[in-house]
Amino acid sequence: MKKRLLIVLLLAVFQQQVAHANPIVIGNSRFTFITDNLVRMEYALDGKFLDDPTLVAVDRTPRCNNVKVERKDEKRYTLSTPAMRIEFYNDGFPFGQTNLHVYFKNGAEQKEKHWYIASRQQRNLQGALTTLDEVSGPVERQEGLLSRDGWYLINDTGKEIEKDGWVASRDREHVQDLYLFVYGNDYKAALQSLRAVSGPAPMPRKYVHGSWYCRWWNYTDDDYRQLVREYKEHDFPLDIMVFDMGWHTQDAAVGAGHAGSRGWTGYTWNRKLIKDPARLISDFKNDHIYVVLNEHPHDGLRPHEDAYPAFIRELGADTVRNGVPLFDAGDPPAT
């Protein structure tokens, strides 16, 4: 009888301790409840979990203070917040269709819904498009965070991390990294959770939302000024002028190139087209028009560029022996 009582007391102490723990580590799995509506779920061999920031997650500080943990038997756990309930079977394997199930309320009827790792979005409200290249008519937008399904999953598995202020690859032993947003029909909670983990987004300048002009054409500085005059004559606003590829020289003799040409990459003003870039940009700024330069940094700096000698000195490359160095955007000295 005393032995049974001791077991019951130890189990109660264990449950009391983990009920206030966040993150929660169970075997090779770690659950971090960043908010009531957002849980990060990791699986890592030997428990080598990841705390370095990624593009998605810069702040994983747990803001959920009321996580409840119930150990049902040796391998089965229930983890819950006011917004969700996770049923987890610690079978030693990564998260799959049989060992992880999440339940939550959604809709006006507040019926319980079920999510598992094979669930797919059915009623996503969709977001933006990555590109409009080759789009000539109506097109489906990509999935966004908000969905009438009441949940959204961001899979950050295998993505690069930030290490010592630079991009690095994560350890291969970090097998899974999932961010499950569970918000029902509380879309504000979803956005607040995204802000919590991704950090505050600065408000864009007002002119960024205005009228842009961009055309792939070899415009001269006089051509650009004429465009601005015509905008004024037609009483149409213009906030941003994009200088497409013609702003830089396109006479590179070496490099991998792109789309059959070595001229896409460039960092040297084409003075045949734009004689005085500083004056042109200054004139536009006085007119409250901002300039954007179109750049394709596929090959980096090459010998025809004005800044190439200084670049090579800074890089410390032996061009006589090694030739033109290959451009590597992941190499700090090169960028």
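This is a predicted model: local features need pLDDT of at least 70, side-chain atom pairs count only at pLDDT 80 or more; totals for chains, interfaces and linings use all residues.
**Ground rules**

I number residues from 1 along each chain as its sequence is written, and side-chain values use heavy atoms, with hydrogens and water left out. Local features need pLDDT of at least 70 and side-chain atom pairs count only at pLDDT 80 or more, while totals for chains, interfaces and linings use all residues.

I take helices (H or I, at least four residues) and strands (E, at least two) as DSSP runs, numbered from the N terminus. I call two strands paired if DSSP finds at least two bridges between them.

**Entry 1: the five-stranded sheet**

I looked up the strand order first. An open sheet of five strands runs E1-E2-E3-E12-E9, with antiparallel pairing. E1 and E9 stand at the edges with a single partner strand each, so one side of each has no neighbour in the sheet. The twist averages 20 degrees from one strand to the next. For such angles, axes are lines fitted to C-alpha atoms, for helices over the stretch in contact, and the angles run from 0 to 180 degrees between N-to-C directions.

E9 pairs with strand E12 (residues 174–182) in the antiparallel sense, over five bridges. Asn 155 stands opposite Leu 178 in E12.

**Entry 2: the three-stranded sheet**

Here I found an open sheet of three strands in the order E13-E14-E15, and the pairing is parallel. Strand E13 (212–214) and strand E15 (290–293) are at the edges; each has a single partner strand, so one side of each is left without a neighbour in the sheet. The twist averages 20 degrees from one strand to the next.

E13 and strand E14 (residues 240–243) are joined by three bridges in the parallel sense. Tyr 213 faces Met 241 in E14 as its opposite number. I also noted a helix on these strands. Helix H3 (residues 221–233) lies across E13 and E14 and runs at about 155 degrees to E14.

I followed the chain through two hairpins. Strand E4 (residues 68–71) and E5 run antiparallel, joined by four bridges. Four residues lie between E4 and E5 in their hairpin. Arg 71 has Tyr 77 in E5 as its bridge partner.

E5 and E6 also run antiparallel, with five bridges. Their hairpin passes through four residues. Leu 79 has Ile 86 in E6 as its bridge partner.

How many residues of strand E5 (residues 76–80) are buried? Four of the five are, so E5 is largely enclosed by the rest of the structure. My cut-offs are under 20% relative accessible area for buried, over 50% for exposed and partly exposed in between (1.4 Å probe, protein chains only).

**Entry 3: Phe 88**

Phe 88 sits in strand E6 (residues 85–89). Is Phe 88 buried or exposed? It counts as buried, because its relative accessibility is 2%.

I listed its contacts (heavy atoms within 4.5 Å). Leaving aside neighbours within four places in sequence, Phe 88 touches Ile 26, Ser 29, Phe 31, Lys 75, Arg 76, Tyr 77, Leu 79, Phe 95, Asn 99 and Leu 100.

Most residues other than glycine have a negative phi, and most peptide bonds are trans. I looked for exceptions.

The peptide bond from Asn 22 to Pro 23 is cis, with omega near 15 degrees. Pro 23 is in the loop between helix H1 (2–18) and strand E1 (24–26).

Asp 164 is not a glycine, yet has a positive phi of about 55 degrees. I placed Asp 164 in the loop between strand E10 (161–163) and strand E11 (166–168). Asp 164 is exposed, at 80% relative accessible area.

Ala 259, also not a glycine, has a positive phi of about 50 degrees. Ala 259 lies in the loop between E14 and helix H4 (277–286). Ala 259 is exposed, at 63% relative accessible area.

**Entry 4: a nonpolar surface patch**

Which residues form the nonpolar patch on the surface? I found Leu 132, Val 135 and Val 139, with about 260 Å² of accessible area together. The areas come from the Shrake-Rupley method with a 1.4 Å probe; for residues, only the protein chains shown count as cover.

Patch members have over 30% relative accessible area and no salt bridge; like charges are joined within 9 Å, nonpolar side chains (Val, Leu, Ile, Met, Phe, Trp, Tyr) within 5 Å. A salt bridge is a side-chain nitrogen of Lys or Arg within 4 Å of a carboxyl oxygen of Asp or Glu.

Val 139 is in the loop between strand E8 (111–115) and strand E9 (151–155). Val 139 is partly exposed, with a relative accessible area of 44%.
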